[in-house]
Amino acid sequence: MAAVAIGALLFILTLYYVDVDATIDSARRLGFALPLILIPGTCWHLLRTWGWAIAFPDESRPAFTRLFRVRLAADAIGFFTVRGLAGEPLKVVLLYDRVTPEVTTAAVALERLAFAIVNIAMAGAVSYFAVRRLPMPGAWNAVFTVLTVLAILLLGVLALAVRHRSGDYIGRLVLLLDRWTGRRLETSRIIKFILDVEDVLLELLRGDQRRLVILLVLPVVCYLLMAFEVWLVLWAVGEPAGITAALTIDTFARLGSVASAAIPGNIGALEAANAAPVAMLGLGGGGALALARRIRALLWAGLGLALYPQPRKGAAPRSHPAGEHRP
């Protein structure tokens, strides 16, 4: 309820600062260009599904169409509730009849991890160029400077974490806790599941190099697609923007999306996160961009609910071999 209240407040503030008459006029122009504007989002969903498919082991990979339906359904549930908290576990549930939970969880984690790392790097790079090349008020300059510094720090931490190419990490921590407490924590079903997921995830990371290359390139393409969507909307309403401006607007919108994950439907936060950076750069069309992205989000969420898959009845698949050595 607190998240809904925050979202409603953000929505009201956005309406207060956005020129409503100009937004209504822009909406008419968007109507003709909407099919074209929806193309980047469509490509984004297809590429994200492909990235998720690549994250599965070759012998356990479900059909692309099934993954597409599961991903849309999980995103739709997460969109209307709490993103991540509701959507990601649902992917495991909807694939339970085809893939073991350990493998699905590892695939979800690998795909999410790859996109998170690359998005952090892209956000840091875009923020750096935004500070250097775009005229921004002092407060906004500080925001993007801080984002650049945080991206560098996070990438440094991740680089230290992946230096070693052998052994596990959570398993070592559990072993250390066993020695301290005198208990066998790995006999717990939850701990065993986490250890099995780590085994599968590390097996995927240290296996096919082609998989890693694809998972590192796809986020860059998806990032550019969303920036292209920004450029398309502003171009359609007669407010053309440069590529640096489009990337900056989309980067701030991403930051707002992460911060507002608990707001159902991203109500208010989506509008504010897209309209605010457009106005900050002295451009028009912020309301049109928020409207276009709201329409796109609702269309895909509705499609996800319409395509909601039903798991088959029957026994779950056999456990993945990577976890069989656990007691």
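Buried means under 20% relative accessible area, exposed means over 50%, and partly exposed lies in between, with a 1.4 Å probe and protein chains only. This is a predicted model, in which local features need pLDDT of at least 70, side-chain atom pairs count only at pLDDT 80 or more, and totals for chains, interfaces and linings use all residues. Residues are numbered from 1 along each chain as its sequence is written, and side-chain values use heavy atoms, with hydrogens and water left out. The protein chain has twelve helices and zero strands, where helices (H or I, at least four residues) and strands (E, at least two) are DSSP runs numbered from the N terminus.

**Overall architecture**

- Along the sequence, the protein chain reads α-α-α-α-α-α-α-α-α-α-α-α.
- The protein chain contains 327 residues, of which 45% count as buried.
- Contact means heavy atoms within 4.5 Å. Among contacts in the protein chain between residues at least 6 apart in sequence, 77% link residues at least 24 apart.

**Helix α9**

- Helix α9 covers residues 209-236, 28 residues in number. From first C-alpha to last, α9 reaches 41 Å, close to the 40 Å expected at 1.5 Å a residue; the expected span is 1.5 Å times one less than the number of residues.
- Gly 238 follows α9 and has a positive phi, near 80°.

**Packing of α9 with α10**

- Two packed helices are described by the angle between their axes and the distance between the axes. Here, axes are lines fitted to C-alpha atoms, for helices over the stretch in contact, and angles run from 0 to 180 degrees between N-to-C directions.
- The axes of α9 and helix α10 (residues 243-259) come within 8 Å and cross at roughly 110°. The two helices are therefore roughly perpendicular; angles under 35 degrees count as roughly parallel, over 145 as roughly antiparallel, 65 to 115 as roughly perpendicular and the rest as oblique.
- α9 passes α10 in a right-handed crossing. A crossing is right-handed if the near helix is turned clockwise from the far one by less than a right angle, and left-handed if anticlockwise.
- On the α9 side, the contact is made by Cys 222, Tyr 223, Leu 224, Met 226, Ala 227, Val 230, Trp 231 and Leu 234. On the α10 side, the contact is made by Ala 246, Leu 247, Ile 249, Asp 250, Thr 251 and Arg 254.
- The contact of α9 with α10 has eleven nonpolar, one polar and two charged residues. In this classification, Ala, Val, Leu, Ile, Met, Phe, Trp, Tyr, Cys and Pro count as nonpolar, Asp, Glu, Lys and Arg as charged, and the others, Gly among them, as polar.

**Packing of α5 with α9**

- The axes of α5 and α9 come within 9 Å and cross at roughly 50°. α5 is therefore oblique to α9, and the crossing is right-handed.
- Residues of α5 in this contact include Leu 110, Phe 115, Val 118 and Met 122, while those of α9 include Arg 211, Leu 215, Pro 219 and Tyr 223.
- By class, the contact of α5 with α9 divides into 15 nonpolar, one polar and one charged.

**Packing of α4 with α5**

- Helix α4 (residues 87-94) and helix α5 (residues 101-133) have axes that come within 9 Å and cross at roughly 140°. These helices are therefore oblique to each other, and α4 passes α5 in a right-handed crossing.
- Glu 88, Lys 91 and Val 92 of α4 meet Pro 101, Thr 104, Thr 105, Val 108 and Arg 112 of α5. The contact of α4 with α5 comprises three nonpolar, two polar and three charged residues.
- Glu 88, in helix α4, counts as buried at 17% relative accessibility. Leaving aside neighbours within four places in sequence, Glu 88 is in contact with Val 108 and Arg 112.

- Leu 95 lies in the loop between α4 and α5 and is buried, with a relative accessible area of 0%. Not counting residues up to four places away in sequence, Leu 95 touches Trp 52, Phe 56, Pro 62, Arg 66, Leu 67, Val 70 and Thr 104.
- Leu 95 and Leu 67 are 28 residues apart in sequence and 8.4 Å apart in space, C-alpha to C-alpha.
- Gly 268, in the loop between α10 and α11 (269-280), counts as buried at 0% relative accessibility. Gly 268 and Leu 9 are 259 residues apart in sequence and 7.1 Å apart in space, C-alpha to C-alpha.
- Arg 312 is placed in the segment after α12 (286-306) and counts as partly exposed at 48% relative accessibility. Arg 312 touches Asp 97 and Arg 98, not counting residues up to four places away in sequence.
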